[in-house]
Amino acid sequence: MARTTRKSATRKPVPTARTKRPARRRPASRVLILVSTRKGAWLLHGDAARKTWRVDGPHFLGHIVNHLVLDPRDGRTLLAAAKTGHLGPTIFRSTDLGRTWKEATRPPAFAKAPEGEKGRAVDHTFWLTPCHANEPNAWYAGTSPQGLFRSNDGGVTWEPFSIINDDPQYRAWMGSVQDGTPDGPKLHSIIVDQRDPAHLYFGMSGGGVHETRDRGKTWTPLVKGMEVVEGFDAANMAVHDPHCVRLCPSNPDRLYQQNHCGIYRLDRPSNEWTRIGKNMPKQVGDVGFPMVVHPRDADTAWVLPMDGQTVWPRTSPEGKPSVYVTRNGGKRWQRLDAGFPRSQAWWTVKRQAMTADAQDPVGLYFGTTSGELWMSRDEGKRWACIARNLPEIYAVEAAAVK
């Protein structure tokens, strides 16, 4: 009887109506990494295993590229927000994954000011976001000075969107070009709720986080619970400085935020942010710019803190860079630094320069101010530098391609 038991325990089950063979895992898509820098853009084509990379670039060599984004709705259209020496701020569009490019015929621009009044001019487009999945060819753009724009023809022409650009209250909250933000104040983190194309969020540095549920007809500030720099009045919207806002793909009712004053989480329908960065190690703090959320787990998020001393050196704390992860919504944080330099690494990472793919396990990527591109194939357990000696990296995006 014992022999029979052992034998049956090791025998492979016969498929029946109750016992089915596990489905074969579909081959993973190839990963495309889009790197925007102070002197151009690069595309890194990875295999499905993310072990080998083919470098394509530079594109727009010598031009400032603030953001390069692949349209997930067609998998081939790229938009690049560039600031060129001879053309000024503009948008470039490619429909063949970067083999050829065409400039927008009408890039984002503020409406002409009435005679006798001082107008505003777009210095650069800072942020690009594809609209809802059911709105093909539609895009949003955020600029510096702060403005919100939309294109309905794939990025060829752009128009001011909503009331934001010229509303007196928002203009007061936006501050001025000389408000102290490096490269000027920015409208960023434009988020589209994929359940409802009329539901949008965006962040302003400075000026807070804002939400509309009626496609931009009205907006509501979302700053309750957010702290501000000591000595300033939190009631003044202009001093609120969200660095990066992320919506959880697996739970669109949860948002995370990396702020000038900490790390926060918001669970709707609440309108009050909770500072979860207080649980970071005190010697590290919770000041930083980028934030990434797991594509399938709303409790998991990653940040890359920087030195947030009074003088704001904007470097890795003590020259020892590390990513920190929470797997329980911010209750606890874990240091992930395997593969990073142990000392004398004084770079940091900008708000758009950290991202994740949708593979299993999730791949993480970030670019540094010293021109290095780092990646992890195992959700941050181990890191490797896959490109170096690039110009200062402004933004990194990951996309799946066939």
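Predicted model: local features only at pLDDT ≥ 70, side-chain atom pairs only at ≥ 80, totals over all residues.

Biologist: Okay. How many bridges join strand E17 to strand E18?
Modeller: There are 6 bridges between E17, residues 251–259, and E18, residues 262–267. The two strands run antiparallel.

Biologist: Which residue in E18 stands opposite arginine 254?
Modeller: That is aspartate 267.

Biologist: What order do the strands take in that open sheet?
Modeller: The order is E16-E17-E18-E19. That makes 4 strands, with antiparallel pairing.

Biologist: And which are the edge strands?
Modeller: Strand E16 (242–248) and strand E19 (274–275). Each of them pairs on one side only.

Biologist: New topic: cysteines. How many disulfides are there?
Modeller: The count is 0. Take cysteine 131, which is in no disulfide. Its nearest cysteine sulfur belongs to cysteine 244 and is 19 Å away.

Biologist: Is cysteine 248 buried or exposed?
Modeller: Cysteine 248 is buried, as its relative accessible area is 0%. Cysteine 131 is buried too, at 3%. The cut-off for buried is under 20%.

Biologist: Let's switch to serine 316. Where is it found?
Modeller: Serine 316 is in a loop. That loop runs between strand E21 (301–305) and strand E22 (323–326).

Biologist: So is serine 316 buried or exposed?
Modeller: Buried, because its relative accessible area is 1%, and under 20% counts as buried.

Biologist: What does its side chain reach?
Modeller: The side chain of serine 316 reaches the backbone oxygen of tryptophan 347, at 2.6 Å.

Biologist: Which residues does serine 316 touch?
Modeller: Leaving out residues up to four places away in sequence, serine 316 touches Asp307, Pro321, Ala345, Trp346 and Trp347.

Biologist: Last one: cavities. How many of 30 Å³ or more?
Modeller: The count is 1. The largest cavity has a volume of about 40 Å³.

Biologist: Which residues line the largest cavity?
Modeller: Its lining is Val284, Pro305, Pro317, Lys320, Pro321, Ser322, Tyr324 and Arg335.

Key. Residues numbered from 1 in each chain as written. Heavy atoms only, no water. Buried < 20%, exposed > 50% of the residue type's maximum accessible area, 1.4 Å probe, protein only. Polar contact = N/O pair within 3.5 Å; in protein donor to acceptor, adjacent residues only side chain to side chain. Contact = heavy atoms within 4.5 Å. Disulfide = S-S within 2.5 Å. Pairing = 2+ DSSP bridges. 1 Å grid on protein atoms, 1.4 Å probe; cavity = no way out; pocket = protein on both sides within 12 Å on 5 of 7 lines; lining within 4 Å. Points joined across faces, edges and corners; volume = space filled by probe spheres on them.
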